Amino acid sequence: MNARPARYHGYTYLDEGRAMSSEEHEAARVAALHALRLLDTPPEDRFDRITRLARDLFDVPIALVSLVDADRQWTKSKAGTALRETPRDLSFCACVVDSGRFLEVPDASVDPRFADNPAVVGGPRLRFYAGTPVTAPSGHVVGTLCVLDRVPRRLTGRQREELGELAAWVELECAAVRSTEWERETERARRDFVSVVSHELRTPLTSIHGSLELIASGRFGELPPQVGRLVGIAARNTDRLVRLSQDVLDLHQAHRGQLHLRLGAIALPEVVRQAVDAVRDVAERAGVAVAAVCDDPAEVRGDADRLVQVVTNLLVNAVRVSPPAGRVVVTCGVVGSWARIEVRDDGPGVPQGQLDEIFEPFVQFDVPGQRRSGGAGLGLAIARGIVEAHGGRIGARPADGGGSAFEVALPAAGPDVDLAWW
């Protein structure tokens, strides 16, 4: 754990156990400040709550969360003032950052360090200042929490402690912001990496799969039984990898809002029929009956192939969790300006607390009685991405009598309908 930098002889600092010149330490401190990515960002209530509380708690007109850059003081949060930025050489807070210690100025007008400061002799006519250091997760002092008044005063010992406690709260919020940003960057990098890898793999995998199918067809001569069996296994596995790489690309495009839709007038019953046909073999092998109840011939505007993909993914998931001799029912219809598709299974059901999580990528749950599919856990995530690209919503709930019900709601007129009702 990094210790807070301490001053030695006025010119040398101890940073992570190593002696540094003041210039080296300042460079490290500024780098730590910039790593927070808070400078020049919009106001946030997480910080504004603290300055409002400080203003009221200490009964002062002004409270600030200030960040001290190399040549300026920038205010992340302020209560009671429009101040946004101050040159560092005129900043009270810079003195706190330089010393790394709490600073109280009972009356700035008689303090030789600040008596000629524009904030003291000019418009604000500040008299009282109290500021305590705010440190980054690295341990460097990057700013202050401070309170200011236009009349001379002093804080009590308890008030100094309270200001320190509020500064610790600021530090927690700084760490939380950085952690959230780091998580976003990591997730973005992961998605980009997976997308690039999938894109680069898809072309050679498609070529390999095509070659294996040609060999397995006997076009180049009959294969010995053992060789034929191995070639068949290789062809099936490469086909699965090709589909997986396409799924990853679809998911990446959906996350980035780049999923291309070919919109047109489509009939919901036809979408459902094609999806049921696509899973018929899988359902028969599992001993699960799939029934479609779609008597409403109404048309909707959407991408037919993508919506077939959505319903197919939902049906595959339903078949996978259904017991032998189970039944999956898919219904569809248009009510007002909304089209609805629902897929019900009679499996053991997804636990209530996991109904939202199952739409996350690579998430799979071990449901009692569920057969292993060997899938990557992308089907429901892709379905959600396609539905949301259409301006719709997808959700899951426990079905009456057991099992789960997955419902898709789509604006019948296309992706431009208000979703406030959901």
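Mentor: Start with helix 7, where Val271, Gln274, Ala275, Val276, Ala278, Val279, Val282, Ala283 and Ala286 are in contact (heavy atoms within 4.5 Å) with Leu307, Val308, Val311, Thr312, Leu315, Val316 and Val319 of helix 8. This is a predicted model, where local features need pLDDT of at least 70 and side-chain atom pairs count only at pLDDT 80 or more, while totals for chains, interfaces and linings use all residues. Residues are numbered from 1 along each chain as its sequence is written, and side-chain values use heavy atoms, with hydrogens and water left out.

Trainee: How many nonpolar, polar and charged residues are in the contact of helix 7 with helix 8?
Mentor: There are 14 nonpolar, two polar and no charged residues. Here Ala, Val, Leu, Ile, Met, Phe, Trp, Tyr, Cys and Pro count as nonpolar, Asp, Glu, Lys and Arg as charged, and the others, Gly among them, as polar.

Trainee: And at what angle do helix 7 and helix 8 pack?
Mentor: About 25°, with the axes 8 Å apart. Axes are lines fitted to C-alpha atoms, for helices over the stretch in contact, and angles run from 0 to 180 degrees between N-to-C directions. That makes helix 7 roughly parallel to helix 8; the cut-offs are under 35 degrees for roughly parallel, over 145 for roughly antiparallel, 65 to 115 for roughly perpendicular, and oblique for the rest.

Trainee: What about helix 8 and helix 9, how do their axes cross?
Mentor: The axes of helix 8 (residues 304–321) and helix 9 (residues 379–389) come within 9 Å and cross at roughly 150°. So helix 8 is roughly antiparallel to helix 9.

Trainee: Changing topic: which residues have the most contacts inside the largest nonpolar core?
Mentor: Leu314, Leu315, Val330 and Val408, in a core of 41 residues. A nonpolar core is a set of buried (under 20% relative accessible area) Ala, Val, Leu, Ile, Met, Phe, Trp, Tyr and Cys residues joined through side-chain atoms within 4.5 Å.

Trainee: What does Val330 touch?
Mentor: Leaving out residues up to four places away in sequence, its partners include Val272, Val276, Val311, Leu315 and Ile341.

Trainee: Last one: is Thr51 buried or exposed?
Mentor: Thr51 is buried, at a relative accessible area of 0%. Thr51 sits in helix 2 (residues 45–57).

Methods:
Helix = DSSP H or I, 4+ residues; strand = E, 2+ residues; numbered from the N terminus. Buried < 20%, exposed > 50% of the residue type's maximum accessible area, 1.4 Å probe, protein only.
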